[in-house]
There are 2 protein chains.
Amino acid sequence: MKKINVGIIGFGNVGSGVVKILQERNSLLSQKVGLGIQVKRISDIDLLSKRNVRIDKNILTKDALDIINDPQIDIVAELIGGIHPAKEYILGALKKGKNIVTANKALLALHGKELFASASDCGKNIYFEASVGAGIPIIKSLKEGLVANRFSNIYGIVNGTSNFILSQMSNNNCSFNEALKEAKAKGFAEKDPTLDIEGIDSAHKLVILTYLCFGKLISLDDVYIEGVSRISLADINYAKELNLCVKLLAIAKKDGDSLGARVHPTLIPNEHMLASVDEVNNAIYVSSDLAGNLLFYGPGAGQLSAASAVVSDIVDLTNDIKAGLFRSTLNIIPDKSIKRLSKIDEIQSRYYIRLMALDKPGVLAKISGILSKFGISIASVTQKERRKTQSVPIVMIIHEAKEKNLREALQIIDRLDIIKEKSVAIRMEKA
Amino acid sequence: MKKINVGIIGFGNVGSGVVKILQERNSLLSQKVGLGIQVKRISDIDLLSKRNVRIDKNILTKDALDIINDPQIDIVAELIGGIHPAKEYILGALKKGKNIVTANKALLALHGKELFASASDCGKNIYFEASVGAGIPIIKSLKEGLVANRFSNIYGIVNGTSNFILSQMSNNNCSFNEALKEAKAKGFAEKDPTLDIEGIDSAHKLVILTYLCFGKLISLDDVYIEGVSRISLADINYAKELNLCVKLLAIAKKDGDSLGARVHPTLIPNEHMLASVDEVNNAIYVSSDLAGNLLFYGPGAGQLSAASAVVSDIVDLTNDIKAGLFRSTLNIIPDKSIKRLSKIDEIQSRYYIRLMALDKPGVLAKISGILSKFGISIASVTQKERRKTQSVPIVMIIHEAKEKNLREALQIIDRLDIIKEKSVAIRMEKA
């Protein structure tokens, strides 16, 4: 049986998972594709750490170039993450005629244009199922399963760390810092969790999803980003009383001829499918014009989960190589009805607002007066406590308003002497 | 540009949706696949009814053989449903060297073996994405996206009519008959709803899902089937008080070396993702060994939703034809650890039981005595009302027990003179 040779760059968590699966499921996979799939070479800067997988030591190398320059290797899996040297490795491997599998969402989000253009020039493919939602086959579903559809919006819970933290806060009534500590203890957050809790990882994934759904490879700078780090337990609990829950959503939305992309904590009704997505799970909810509203759910992280996706890409590439077929990146067609990208200032949204105000007569009149000057109307308002001398929380839901107007109104409100803390505003989505 | 010619057998709801999409998205699709896709011929016994799509009348025919015998047609989409003549058309088209797309779950469930064997003999493919979950790309996800995974169980809400009825009963506090009436009024139930409400349609789909997940094409006779028609509003409401909800689940479960397949109303916790699947939506929840627990959710019916799936199959086949690649049916590999199919009698499950008993001292002692003789222990018990002379409902949750034992115990209990109605037992799943 002819063999497809795979080179693995990065023998870490996901890399060793991929090797494990390709070994243990070798007969299953070769029966499915009608070709053998063999790990020919593995590179890593660290060859000493123990991995939970048995391999012939001779296939290990410290130098990724041993893989890139090996003429017998057909597919290169880049699993080191980060921008450099991952980018150079992929570009080098493409030039050497390899097809690429990568799980590197940051790299695709930042340098996707150059990488896909290079793949196209070289007549090769880059597959990236593991870059969003780990083992959830969301990339394939958008690219192939929903091939005839046009999309109007994406809502993604695509960062397991953030979702775990919000779940912990909500279920265990604990603070953000306590939840983060728990996430670290369980291995769900990195030592430096910035990329996750500040929404940047979600934004990387949103760039990829937006590319697949709308055919636009937007820049990370075009994504408005706000993470979970400033969400307070008080707001989670007040929202609960309103039958709402807070999720960090990566949102891309078409509105007329514009497309807006943003990541921020979002209040959604408890009945929404996304509200049930707990712990480190991920889910992607897309609205398509033919197949309707769809949700794809599963664990958003995990060695074997991500490796499952990488292996599915390797199998697809094996089928492609076998057939001389060139699909993937080139079949992403821009949605021509999108003429521009919208800014966060322009969005129309409902909002949850919490103000800390003195408990005095006339306070609400003052606040609602300012809001109404900006054309903003209140759907509901509740004063949460009564205290004579200190400020009390006032929770409002406001009807759909333009973000710019709301921000300006809140700036004025925050300067009132009856207001004792900076106001909190959380966007709401019905979807 | 070379063209792929498609013949459509069945110009009904789904068929006209497919034609519509292939027309309106023609340029998008041909850019994606690099080949034109053209509807060359459409057959239907009814050529007079108006369809919401414009076509050249010359491509219409009353005789499906005009499609099957047309040497220029590459792909035949069978969209008439039912067993005969759909089966003969597919077998005939395969023999004439066509690849097949079908949405016909009943036909695949009943005659899949013969059809797939014939496809294999002819070196052609049968694709069937629309047969389960309409536009949800579940077939592709199981076949390709999760290619390296082994599965331990499937839980599917795969019948929109039944799910609509249960949602109506639960949300609007109405009887089964009222809910069915509403389903008919909204076009969600057929005039004769038997296939849907008796669980048979779900069983058809379960046979297909079981084939994909476990590589076993089981017979419909091997599926235990119970529909929603005997679910009472009382039980839905008592279950609600226990934070449970009733869903018609199609379940396939591996237990050691056996596989059990069954369709029945099932109580699941309200926190489970499947509990949020409302109205006519479908969802398939699978447990895989690498990618974990995954859920695929979306509308389970609808003209364009099903047509979206049919078109994705046509695009995949176009890619296959272009590449001379033969995948699909042949790459389904049996899970060899499964040695036998288990019967419903053998399953271990928790149960919700409702008895209608006289409100007398000693009643509970009698009932629990009988249960305990069969090794069945009670987790909780509540008497729902107090009435001196009439029977009152007693609701019990019992710990995991063997179905056979429970049935025997209930037979004895039902014969007691203190019991006034046949007992109700609903299986529970934690999932």
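# A tour of the two-chain model

Start with chain A, where the domain assignment gives domain 1 (3-135 + 303-331), domain 2 (141-299) and domain 3 (347-428); the bounds come from an automatic or database domain assignment. This is a predicted model, in which local features need pLDDT of at least 70, side-chain atom pairs count only at pLDDT 80 or more, and totals for chains, interfaces and linings use all residues. Residues are numbered from 1 along each chain as its sequence is written, while chains are lettered from A and ligands numbered from 1 in the order in which they are written. Colour domain 1 and domain 3 of chain A: their C-alpha centres lie 52 Å apart.

**Both chains**

**The interface**

Select the contact between the chains, which takes 47 residues from chain B and 47 residues from chain A. Two residues are in contact if their C-beta atoms, placed from the backbone, lie within 7 Å. On the side of chain B that touches chain A, the elements giving two or more residues are helix 2 (26-33), helix 6 (138-145), strand 12 (292-299) and helix 12 (303-323) of chain B. Helix 12 of chain B provides the largest share of that side, eleven residues. Helices (H or I, at least four residues) and strands (E, at least two) are DSSP runs, numbered from the N terminus. Because 100% of the interface residues of chain B are also interface residues in chain A, the copies meet through the same surface.

**Helix 5 of chain B**

Now select residues 105-122 of chain B, which form helix 5. A straight helix of 18 residues would span 26 Å at 1.5 Å a residue, but helix 5 of chain B spans only 21 Å between its end C-alpha atoms. The expected span is 1.5 Å times one less than the number of residues. Centre on B:H111, where helix 5 of chain B bends by about 90 degrees; the bend is the angle between axes fitted to the seven residues ending there and the seven starting there.

Buried residues of this helix include B:L107, B:L108, B:G112 and B:L115. A residue is buried if 20 or more other C-beta atoms lie within 10 Å of its own, exposed if 12 or fewer, and partly exposed in between, with C-beta atoms placed from the backbone. The buried residues of helix 5 pack against helix 4 (86-95), strand 5 (99-102), strand 6 (126-127) and helix 10 (200-214) of chain B. After the helix comes B:G123, with a positive phi near 65 degrees.

**Backbone stops**

Most residues other than glycine have a negative phi, and most peptide bonds are trans. Go to B:H84 and B:P85, joined by a cis peptide bond with omega about 5 degrees. B:P85 sits in the loop between strand 4 (75-78) and helix 4 of chain B.

Then select A:A134, a residue other than glycine whose phi is positive, near 45 degrees. A:A134 is in the loop between strand 6 (126-127) and helix 6 (138-145) of chain A, and counts as buried with 31 C-beta neighbours inside 10 Å. Finish at B:E279, also not a glycine, with a positive phi of about 55 degrees. B:E279 is partly exposed, with 15 other C-beta atoms within 10 Å.
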